[in-house]
Amino acid sequence: MTPASFLKFWRERIITLIVSQLTQGVTPHKIALSIGLGFSLGVFPVLGATTALCAIAAVRLKLNQPVIQLVNWLVYPLQLAWILIFIRIGEWILRTPFINFSLPELIQKFHDSPVNFFQQFGLAGLQGVVAWLFIAPFLTTITYSVLLPPLKKLTAFKTPIADSRLIE
C-alpha cells in the first residue's frame with residue numbers, strides 16, 4: 001500500500017466515518033470512548049475474542065458499534081505484535097518461569113491441535129490476560145484523553161455547517 005493510497009483510505013473510510021457519526025448526533029465523548037475501548041479491547045491477547053468483547057462493550061455502554069469495530073479491526077496487527085509482550089509482562093507480574101516460544105510457533109501448534117495447544121500454553125494465555133488487565137485501563141484512558149479535544153473541535157466545525165443546511 002502506497003502512502004498516497006493509505007492517506008486516501010484513511011480520509012475516505014476512517015475520518016469520514018467519525019465525522020458522519022458526529023454529524024448524526026453522537027457526542028465526542030462517546031466517539032472518543034468508542035475509539036479508546038476499541039483500541040484496548042482490540043489488543044486483548046486472545047485471538048478471536050476481540051470482536052465479541054467490542055460488541056458487548058458497545059451494547060452495554062451504548063457506544064458506537066461501527067467505530068469500535070473499525071478500531072478493533074485496525075489494531076489487529078498490534079494485537080499480534082503485543083501478545084508476546086503481554087505474556088512476558090504477565091510472567092513478570094505473576095513471577096512464573098519464562099516460557100520459550102514464538103508467535104509463529106504458537107499459531108502452528110494451535111492449528112495442529114487446539115486441545116494440546118491449550119494444555120501446553122493455557123497458563124501463558126492467562127498470564128497475557130493478567131498483564132492486559134493491568135495495562136488496558138491506561139490504554140483506554142490515554143486514547144480517550146488524547147482524542148477528546150480534537151473530536152470536540154471537529155464538532156465545533158461541523159455545527160455551523162449542519163445548522164446552515166437546516167435554515168435553507
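Is Phe86 buried or exposed? Phe86 is buried, at a relative accessible area of 3% (buried is under 20%, exposed over 50% and partly exposed in between, with a 1.4 Å probe and protein chains only).

A quick note on the model: it's predicted, so local features need pLDDT of at least 70 and side-chain atom pairs count only at pLDDT 80 or more, while totals for chains, interfaces and linings use all residues. Residues are numbered from 1 along each chain as its sequence is written, and side-chain values use heavy atoms, with hydrogens and water left out.

View 1. Phe39 belongs to helix α2 (residues 28–42) and Trp82 to helix α5 (residues 76–94), so the pair ties together parts 43 residues apart in sequence (helices are DSSP runs of H or I, at least four residues, numbered from the N terminus). Phe39 is buried at 17% relative accessible area, whereas Trp82 is partly exposed at 23%.

**View 2. Trp82 also pairs with Phe86.** Here the centres are 6.2 Å apart and the planes at 80°, so this pair is edge-to-face. Trp82 and Phe86 are four residues apart in helix α5, about one helical turn.

**View 3. A phenylalanine cluster.** Ring pairs link Phe110, Phe117, Phe118 and Phe121.

Terms used. Helices (H or I, at least four residues) and strands (E, at least two) are DSSP runs, numbered from the N terminus. Rings of Phe, Tyr and Trp (its six-membered ring) pair if their centres lie within 6.5 Å; planes under 30 degrees apart count as stacked, over 60 as edge-to-face and the rest as tilted.
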